[in-house]
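I opened the model to look up helix packing and the ligand surroundings. My entries follow.

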Amino acid sequence: MSVRETPKIAPAEGKLGVLLPGLGAVATTLIAGVELIKQGKSSPIGSLTQMGHIRLGKRTDNNNPAIKDFVPLAGLDDLVFGGWDIYEDNCYESASNAAVLEPTLMDQVKPQLEKIKPMKAVFEKRFAKRIDGPNVKTGSSKMDLAKQLMADIENFKKEHGLSRCVMVWCASTEIFLKPTEVHASLAAFEKGLEDSDPNIAPSQIYAYAAVKCGVPFANGAPNLTVDLEAIQELAKKNNVPIAGKDYKSGQTFMKTLIAPGLKSRMLGVSGWFSGNILGNRDGEVLDEPDNFKTKEDSKLSALNIIFQPEHYPELYGNYYHKVRIEYYPPRGDNKEGWDNIDIFGWLGYPMQLKINFLCRDSILAAPLALDLALFMDLAQRANMSGIQEWLSFYFKAPMSAKGLYPEHDLFIQLMKLKNTLRWMKGSDLITHLGLEYYD
Ligand SMILES: NC(=O)c1ccc[n+]([C@@H]2O[C@H](COP(=O)([O-])OP(=O)(O)OC[C@H]3O[C@@H](n4cnc5c(N)ncnc54)[C@H](O)[C@@H]3O)[C@@H](O)[C@H]2O)c1
């Protein structure tokens, strides 16, 4: 399909399965939230698909439909959640353990949460050293494990009478990995699965299984997972959308708001220190240096791309950027982030900016996971396959085509997302030129 052609979008008929590897804090906050919203007990704050509007035509046209009325998205009533975890806890028990939501709120959707029991996970402790659990598959090879996941997907579809599924990775961050030979092509990867190649991580097995079954895959963690030639080749071959990586929920969200603003005014930056304290299971996993390295890599990339030090050496050629995450159990999911930004202005005079963000990690991430599930399903019905760069808006380290730098500026990302929706519907793109108002 040519990129310029308006696609034919298949209607969102039937039920959509939302498969979540990792039924921890983010996943259970998402599921509980959707159930509460369906019952009219809460509202989908933070979700662009549920609350956002999109301007069509001229500013004088006054045409701003809700995004969910403009493009055919699956409705919340049509979502069926399922997933895998290394622990046997059902979603109610897991949500209680994560302690993001108050018990009184969770109890209102207890039957719906209790019904969701995790399928046995594909897991290797080597990739997430701080956790271990009993609910894990065994198999003769990594290919055998992939086939078990594919059977899980097919059974889930049958059992719930689903017309289609999407998969959104909500499991722990894996250790830092670089692509190797086994990831360089689909043929090498499939041979690696048969040989149980040690370089193939569990998340990659889920991604392979999903794409093989024609299920779109979005990656909410900083693992490589779908940033691999092998999986991208399979996604193109099977006509399946993929996207990643790492939800842009808290501190990086702030960074990609502030950094473009400083740069737009040609203000220099000499240092940016980001500290965090976090006490949930994610924080515990990230307390392991090899797992933190994966997160650090993802968190560091945004500023360099926004600041373009190669074009602005005087302003950004020499800034010092540091990111720290400290595991601090008393805070649970209520992360606190501090950013100290040393900037300089006219004649080089120094100034400082301090941001103290007292946030709630999973409250910020859950609506992103919901939007990704709905937009990935839309992309598939619009026949869009491979990397979905228009969903960069949701990610700390957005994927982009080979040789293309990713867009990190939140407002460019939002414009790209909305223009993609306009394009999907054959509506005029909005350039913000606006000269016609003065003719
Ligand atoms: N909350 C946020 O704001 C945010 C932002 C960006 C990224 N993330 C990422 O999202 C992911 C989920 O975060 P969370 O706070 O829900 O973490 P969590 O620790 O509460 O949940 C992760 C769950 O994944 C399970 N798990 C680990 N490996 C698995 C495997 N191979 N298969 C199946 N299950 C597995 C764990 O047992 C755990 O229950 C993490 O990777 C985190 O880094 C979160």
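The model is predicted, so I note the terms: local features need pLDDT of at least 70, side-chain atom pairs count only at pLDDT 80 or more, and totals for chains, interfaces and linings use all residues. Residues are numbered from 1 along each chain as its sequence is written.

**H9 and H10.** Axes are lines fitted to C-alpha atoms, for helices over the stretch in contact, with angles from 0 to 180 degrees between N-to-C directions. Ala 207, Tyr 208, Val 211 and Lys 212 of H9 meet Ile 231, Leu 234, Ala 235 and Asn 238 of H10 (contact: C-beta atoms, placed from the backbone, within 7 Å).

**H1 and H4.** I found the axes of helix H1 (residues 25-38) and helix H4 (residues 91-98) within 9 Å, crossing at roughly 115°. The H1 side of the contact is Ala 25, Thr 28, Ile 31 and Ala 32; the H4 side is Cys 91, Ser 94, Ala 95 and Ala 98.

**Ligand.** I counted 35 residues around the ligand, with Gly 22, Gly 24, Ala 25, Ala 221 and Arg 281 the closest (C-beta atom, placed from the backbone, within 6 Å). H15 gives the largest share of this shell, four residues. Domain 1 (15-247 + 363-424) and domain 2 (251-358) both contribute to the shell, so the ligand lies between them; the domain bounds come from an automatic or database assignment.

Conventions: Helices (H or I, at least four residues) and strands (E, at least two) are DSSP runs, numbered from the N terminus. Two residues are in contact if their C-beta atoms, placed from the backbone, lie within 7 Å.
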